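I opened a notebook page for this protein. The entries below follow the order in which I looked things up.

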Amino acid sequence: MSIENEPEVIDRAKRGDPDAITLLVNEYANTIYRFAFNVCRNQDRAEHTTQETFVSLLRKLDQFDNRSKFSTWLYTIVSNHCLMLARGSKADRHVSIDDEDNELPESALGVSEADPHVIAEQSDLRRYLDEAIGKLAQEYRVVFTLRDIEGLSTEEVAEILDLSVPAVKSRLHRARAFLRNELAPLFQEHDHD
């Protein structure tokens, strides 16, 4: 968190201070977009979800009661928008990885400065993993993204999604098992090389 005294900034934003609102949006815009893209698997949907998340932030900021971290509260909002968007459109279940609009943008990933061979291997692995994540059902993809990509704790994911900790663990276990099965043939090919 780079905002000094975030609770004070949130209080100012609740009172309608445009500078405070801008600070919050600037602080969390990349995080929200990256999460939305990882769940929605589409740039347009991620941009729409990010915009809707910040509209909700403005409408509901007075409901934030400081009982959780502000980022946790925002993840709850963006997760709900992602799930609502998925329910409204069943087309996202089979997203083509050949569509350039569905490629994970570099801004959503850490950029490595390793040698070209390592970068090429990482790019291939990222593409296979991205394809496998895209095949996950939305409820598993959200849990996997929050826990394993965003690095939140199991308890935070449970709070964000209003699930029990065992339910989060179960979904995460199933998501990881699915991804392991999807990627296993890739690693078997490398073992035979």
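I started with Phe178 and listed its contacts (heavy atoms within 4.5 Å). Leaving aside neighbours within four places in sequence, I found Phe178 in contact with Ala132, Lys135 and Leu136. I noted that this is a predicted model, where local features need pLDDT of at least 70, side-chain atom pairs count only at pLDDT 80 or more, and totals for chains, interfaces and linings use all residues. Residues are numbered from 1 along each chain as its sequence is written, and side-chain values use heavy atoms, with hydrogens and water left out.

I placed Phe178 in helix α8, residues 165-192. Helices are DSSP runs of H or I with at least four residues, strands are runs of E with at least two, and both are numbered from the N terminus.

I looked up the accessibility of Phe178 and got 29%, so it counts as partly exposed. Buried means under 20% relative accessible area, exposed over 50%, and partly exposed in between, with a 1.4 Å probe and protein chains only.

I then turned to Arg41, which sits in the loop between α2 (18-40) and α3 (43-60).

Last, I looked at the whole protein. I counted eight helices and zero strands. Of its 193 residues, 37% count as buried. Among contacts between residues at least 6 apart in sequence, 66% join residues at least 24 apart.
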